[in-house]
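Subject: Structure handover and notes

Hello,

Please find the structure below, with the sequence alongside. My notes come after it.

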Amino acid sequence: MPIAAGDVTWVEEPQIGVLGRLYLPAIITGLQTTVRHMFMPKVTVEFPEQQPILPPNYRGVHRLNRDEQGRVKCVACYMCSTACPAHCIDIVAAPSPWPDREKYPELFVIDELRCIYCGMCEEACPVDAIELTSLYDLTGLSREEMMFDKEKLLSVFDETVKAGTDPIRTKRGRLSVASEPLTANS
Amino acid sequence: MPEFSLWIAIVTIVVVMGGILTICAYLIYVERKIAAWVQDRIGPNRVGPFGLLQPLADGLKFLLKEDIIPDHVDKLLYLVAPAIAIITALLAFAVVPFGPTNIPAGEPPYEFVIAPGVDIGIVFVFAVTSLTVYAIILGGWSSNNKYSLLGALRSSAQLISYEIPMGMSILGVILLTGSLNLETIIEQQVRHGIWGWNIWYQPLAFLLFLTSVLAECNRLPFDLPEAEQELIGGYHTEYSALKFGMFFLGEYTHVITTSFLLATLFFGGWDFPGVTSVGGLLGIILKLIVFLLKMSSFIVFYMLIRWTLPRFRFDQLMGLAWKVMIPLALLNLVCVMVVKEWDWHPLWLLPVSLLLFVVTAVVAGWWPRPPKRVLTVTRGHERMETAVS
């Protein structure tokens with residue numbers, strides 16, 4: 001389709017001028033910038049002596065939360081495992097030993113190496129049981145070691161709560177719906 | 001002709017070669033540190049206090065790395081190329097003074113030059129540094145690699161183009177001095193103290209020489225031959241370990257040699273008001289320090305320029321050498337010849353040089369060239385196509 005003459009704009013190259021063609025004034029301005037940067041504060045974070053400042057919603061290692069009585073909050077509803085794009089969560093449900101819940105996870109294994117740390121499980125969980133903490137320097141000596149089971153995940157909870165780096169994040173300070181004790185009316 | 005003593009020459013050679021190679025290694029450290037500071041980061045600071053042992057780690061790495069010789073290279077040329085690079089770079093240093101050179105007869109007969117009294121000083125340096133082109137061409141050709149060859153060809157074109165302004169810009173200084181001997185050039189500048197430095201009489205030549213020497217050392221803004229973004233590695237793509245290290249050492253030795261030359265030719269060498277008159281051992285040490293300080297400030301300047309200017313495109317590079325620098329060097333020489341012929345005071349050259357420089361910029365504006373227009377097609381407010389005509 002031919003281009004209409006009214007749609008075309010001709011833009012002239014701006015003239016460089018005598019001062020520009022001398023090149024030296026521009027080079028001197030450039031050198032001033034270069035030297036100024038030499039004396040500006042450095043942005044390097046010298047790991048491991050200095051730790052980076054992480055944003056509050058940083059997605060690191062998972063943990064399983066406990067409720068006020070110290071029991072695991074997870075009700076083995078499989079929502080996190082279904083939502084996970086990397087299929088790294090393995091749950092085996094069992095009837096729970098406590099009267100106010102139907103199920104609890106007998107086995108809860110997350111393969112931390114398969115995980116892509118997207119946070120979908122955290123978003124999917126209806127009871128705020130699984131959360132991603134701000135621990136990022138995860139190491140292990142074998143692949144088996146990196147498959148975190150329920151105890152390990154609960155221990156991550158204990159450590160991060162004790163360290164105060166990742167406070168418990170529940171909505172509006174209450175446990176959410178599926179974690180509330182069953183009442184006679186529901 | 002000063003008397004020649006074999007032992008002194010050998011000791012000087014050993015000390016200077018050792019010194020140069022160590023300074024080269026530490027120049028890599030300095031370059032990395034300056035590069036880091038300019039980019040708002042800290043440079044190497046893990047190996048030793050403040051990273052000062054980093055060159056040691058780098059040297060060990062180059063020595064102990066696996067030396068790979070690819071299968072289809074021209075073996076002889078492949079091995080000879082880095083050798084030529086480092087040999088010519090170190091050989092050029094033989095006539096460059098690196099300390100006080102006018103020690104009177106009563107003192108110990110020591111000259112801070114490896115080969116004192118060479119009357120063709122400058123010409124020797126230029127001749128030997130021209131041989132570096134061989135190293136690059138042979139390295140690129142023998143690598144049996146398209147990109148290496150392209151890098152080598154570009155580099156050889158760049159080097160031989162910039163040798164001409166390098167030599168011609170110095171001719172004014174040589175005419176003013178009347179001798180090619182580097183020690184005589186320093187002496188002639190020392191005679192008038194700080195106002196005898198050639199920078200006041202030949203600022204344009206200084207600028208031309210500085211630019212040519214940046215091109216000769218293959219440093220930004222003229223480092224197209226080794227531009228990683230364009231030619232992978234250029235002529236040293238196929239080299240590993242120590243051979244690669246030799247190319248690098250050769251480049252840094254050129255940087256050191258040319259920094260010394262700049263200090264010698266334009267800034268009076270070891271001269272500094274107040275230091276020249278000090279005699280004895282203290283005077284020698286002070287002059288040495290002054291010379292080294294001048295040299296290091298040039299090196300730091302080279303490194304800062306690297307992070308200030310963008311790289312020249314190849315046609316811009318060649319155009320600059322042939323169309324701008326050679327005519328300017330010629331005109332500069334003519335001005336010096338006029339001043340010498342009619343015995344005017346050389347200080348006339350200062351305004352004349354500056355005038356020449358500004359006139360060049362003005363003339364470049366009137367040089368016939370069609371204006372570049374950019375065609376922009378817009379439909380509504382969307383820019384659809386852009387073409388440069």
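This is a predicted model: local features need pLDDT of at least 70, side-chain atom pairs count only at pLDDT 80 or more; totals for chains, interfaces and linings use all residues.

Residues are numbered from 1 along each chain as its sequence is written, and chains are lettered from A and ligands numbered from 1 in the order in which they are written.

Contact between the chains

Chain A brings 22 residues to the contact and chain B brings 23 residues; two residues are in contact if their C-beta atoms, placed from the backbone, lie within 7 Å. On the side of chain A that touches chain B, the elements giving two or more residues are strand S1 (8-12), helix H1 (17-21) and helix H2 (24-38) of chain A. Helices (H or I, at least four residues) and strands (E, at least two) are DSSP runs, numbered from the N terminus. H2(A) gives the most to that side, with seven residues. By type, the residues on this side of chain A are 12 nonpolar, five polar and five charged. Here Ala, Val, Leu, Ile, Met, Phe, Trp, Tyr, Cys and Pro count as nonpolar, Asp, Glu, Lys and Arg as charged, and the others, Gly among them, as polar.

Chain A: a sheet

An open sheet of three strands has the order S3-S4-S6 (chain A), with antiparallel pairing; strands pair if DSSP finds at least two bridges between them. Strand S3 (89-95) and strand S6 (147-148) of chain A are the edge strands, each pairing on one side only. S3(A) and strand S4 (residues 103-111) of chain A are joined by seven bridges. Ile89(A) stands opposite Ile110(A) in S4(A), and Ala93(A) has Pro105(A) in S4(A) as its bridge partner. Two bridges join S4(A) to S6(A), and Asp111(A) stands opposite Met147(A) in S6(A).

Chain B has 14 helices and two strands. Of its 389 residues, 39% are buried, where buried is 20 or more other C-beta atoms within 10 Å of a residue's own, exposed is 12 or fewer, and partly exposed is in between, with C-beta atoms placed from the backbone. Glu111(B), in the loop between helix H3 (75-91) and helix H4 (121-130) of chain B, counts as partly exposed because it has 18 C-beta neighbours inside 10 Å.

In H9(B), Leu204(B), Ala205(B), Leu208(B), Thr211(B) and Ser212(B) meet Met325(B), Leu328(B), Ala329(B) and Asn332(B) in H13(B). This contact of H9(B) with H13(B) divides into six nonpolar, three polar and no charged residues.

The largest nonpolar core has 82 residues, of which Ala85(B), Val96(B) and Phe209(B) touch the most other members. A nonpolar core is a set of buried Ala, Val, Leu, Ile, Met, Phe, Trp, Tyr and Cys residues joined through C-beta atoms within 7 Å. Helix H11 (residues 241-266) of chain B gives the most to this core, with 13 residues. A second, separate core of 23 residues includes Val61(A), Cys74(A), Ile89(A) and Phe157(A).

Regards
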